Amino acid sequence: MPYKILVVDDEDIIRESLSFILNKEGYIVEEAPNGKIAFDKIIENYFDIVITDIEMPVMRGIELLEKVSSFNTQTAFIVITAYGSLDTAIKALRSGASDYLLKPIEFDELLFKVKKIIETKKIISENLILKKEFLRNYDFSRLVGKSNSMQKIFEMIETVAETDSTVLITGNSGTGKELVARAIHQNSKRKNKSFVAVNCGAISENLIESELFGHKRGSFTGAISDKEGFLKAADGGTLFLDEISEMPLQLQVKLLRVLQEKELTPVGTTYSIPIDVRFLASTNRNLMTEIAEGRFREDLFYRLNVVEVHLPSLKDRKDDIPFLADHFVHKYRTEMGKNIKGIDESASRSLMNYEWRGEIRELENIIERAVIFCKKEYIGLDDLPTYIYMNSNEIQIPDKPGALEDFVRKIEREYILKTLETNGFDKEKTAKLLNLGLSTLYRKIKELGIEV
């Protein structure tokens, strides 16, 4: 993406010479003859670098630097000063300038300093995105499965990763859609650039446009400084739009334009910025139904759905449950420093028989809980929540049978709690379903220590 530079100098020959050299290097360059005109341009447009003389009429370079720095810390400044005015240059550096140039200006030095600032800006921008990803591995090792359906998924990831085509990842919540998106990025030519994940349902409707596209200072109430959006942060890399079905309709139109034109317009501006971004999106909804009911644009759907990767539900890949469970046992025993070898047969059978409405995310949570409470070499039934093995077709007996009264009490407590949860803790409905009097239910809730 070309970087924008503003050259500010009251001497036409200097201003025009600098603009010519920078234009030849591929930069987008604008000019201003004094600080006041430059300030007005900065208010209206975003510039990556401002190169300004210090001594000018109307508004001096130092005043321009200080005024812009009060609301915009992303634009870098290079100040130009005469050989005998180093004190002024030092003052500018203390006020936030990135570097300075001495007159007469050496063009090679100018280009070197501009390039150095741009490289620094790239590193800072990427670090803001990548710092949370440090030492995390998102290749296929994080995707677990030996079933035929998952092997097909792995093959699809390898194939689409080599392209820049948009990919729509579908499946229930908790099936691992973001892991697939990260695996596509990690196996693509963009793997050394930013991967930016945005949950479209987690950002309020009145903020999501500025979060994605960025904004200019003063473009809306609370916009006290310029801000780059997620789209620009992902430039050169991959943008993952999680739960794309939650995106407001009016924003879907603007996203469609970005996909078509490969450029964005920040909120509060009229100029366009070219971007180079690979788009991935996910949804847990049926987008054809959303289109039919007027909640999703059909043209955007076809732009996103060049390739669809559908993740099967865990109930449709039960053969993978033991591998997933072992994977999570290894993960959490390592984190917690526990000597747990695995899961015993009865607990494994219960995990296989359970419905897993919360998909892989629920399975991971259950295994983490089991590792916390397990005091033995193998995770057993008594390390699992009772509702896991109550779901089985046969009653699962703990490894170490104890008093019948204790076991019955545990089963009763879990069953009543589960029924309460199913009925939204409506006690009258729960009592009726359990065939109990309401007063009897209240008594059992108290006796069994159920919090409602």
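Glu290 counts as buried, at 6% relative accessibility; buried means under 20% relative accessible area, exposed over 50%, and partly exposed in between, with a 1.4 Å probe and protein chains only. Please note that this is a predicted model, in which local features need pLDDT of at least 70, side-chain atom pairs count only at pLDDT 80 or more, and totals for chains, interfaces and linings use all residues. Residues are numbered from 1 along each chain as its sequence is written, and side-chain values use heavy atoms, with hydrogens and water left out.

Glu290 forms a salt bridge with Arg285, with 3.5 Å between the closest N and O atoms. By salt bridge I mean a side-chain nitrogen of Lys or Arg within 4 Å of a carboxyl oxygen of Asp or Glu.

Arg285 also pairs with Glu246 in a salt bridge, and there the closest N and O atoms are 3.0 Å apart. Arg285 lies in the loop between strand E11 (278–283) and helix H11 (287–292), and Glu246 in the loop between strand E8 (238–242) and helix H10 (249–261), so the pair ties together parts that are 39 residues apart in sequence. Helices (H or I, at least four residues) and strands (E, at least two) are DSSP runs, numbered from the N terminus. Arg285 is partly exposed at 37% relative accessibility, and Glu246 is partly exposed at 35%.

A network of salt bridges links Glu246, Arg285, Glu290, Glu293 and Arg295.

I turn now to another pair. Arg15 forms a salt bridge with Glu31, the closest N and O atoms lying 3.1 Å apart. Arg15 is buried at 9% relative accessibility, whereas Glu31 is partly exposed at 32%.
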